[in-house]
Amino acid sequence: MTGLALLAFLGAGHTQREGGYQDTVQRGLQYLIAQQFPSGDLSGRNQIGQLPTVRYARMYSHGMAGLAIAEAYAMTSDPKLLPAVQAAAGYSLQAMNSRTGGWRYDFASDDPGDMSQFGWQAMLLNSASRSRAIAIPGSNRLGLQRFLDSVSPGRHGGLAVY
């Protein structure tokens with residue numbers, strides 16, 4: 001939820017360096033970074049266990065929190081955020097299904113993936129890449145396209161299914 005709240009502040013132009021909510025944004029970013037596991041996972045230190053409600057929330061939480069930090073970095077080039085962005089993006093790249101290019105609820109799941117997970121992870125990677133925090137490997141770029149192609153049927157590939 002902190003990631004979503006930060007995205008609202010960032011979307012309105014408030015960062016840890018500019019705007020009327022600098023302290024709020026700074027504290028939110030610090031909280032998220034403090035929650036990051038050494039693996040880069042930003043799902044939060046309280047998201048532990050195998051209950052479906054916890055398992056289903058982990059990758060969504062990671063994507064939202066990672067996107068917030070990546071957007072803050074893209075807007076400010078604050079070097080203090082760079083390691084967290086790189087680690088979060090690395091975690092997302094590792095969690096991608098190498099066969100389908102999608103993401104699901106669990107890290108490196110064999111499930112082909114779904115569009116809601118794909119969207120959060122792809123936005124995180126796009127933000128990190130556009131800010132030059134990371135370079136997305138070609139194999140992962142091909143995976144992203146492969147997944148989109150797999151959910152775009154129809155005569156012209158423009159229909160979508162979920």
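Is Arg104 buried, exposed or partly exposed, and what is its relative accessible area?

1. Arg104 is partly exposed, at a relative accessible area of 22%; buried stands for under 20% relative accessible area, exposed for over 50%, and partly exposed for the range in between (1.4 Å probe, protein chains only). This is a predicted model in which local features need pLDDT of at least 70 and side-chain atom pairs count only at pLDDT 80 or more, while totals for chains, interfaces and linings use all residues. Residues are numbered from 1 along each chain as its sequence is written, and side-chain values use heavy atoms, with hydrogens and water left out.

2. The structure holds 6 salt bridges, a salt bridge being a side-chain nitrogen of Lys or Arg within 4 Å of a carboxyl oxygen of Asp or Glu. One of them joins Asp114 and Arg104, at 2.1 Å from N to O. Both residues lie in the loop between α4 and α5 (115-130), so the pair ties together parts that are 10 residues apart in sequence. Helices (H or I, at least four residues) are DSSP runs, numbered from the N terminus. Asp114 is buried, with 6% relative accessibility. A network of salt bridges links Arg104, Asp111 and Asp114.

3. Arg17 pairs with Asp78 in a salt bridge whose closest N and O atoms are 3.6 Å apart. Arg17 belongs to the loop between α1 (2-11) and α2 (22-35) and Asp78 to the loop between α3 (52-76) and α4 (82-95), so parts 61 residues apart in sequence are tied together. Arg17 is partly exposed at 43%, whereas Asp78 is buried at 4%.

4. Arg58 forms a salt bridge with Asp41, with 2.6 Å between the closest N and O atoms. Asp41 is buried, its relative accessible area being 4%.

Definitions and conventions: Helices (H or I, at least four residues) and strands (E, at least two) are DSSP runs, numbered from the N terminus.
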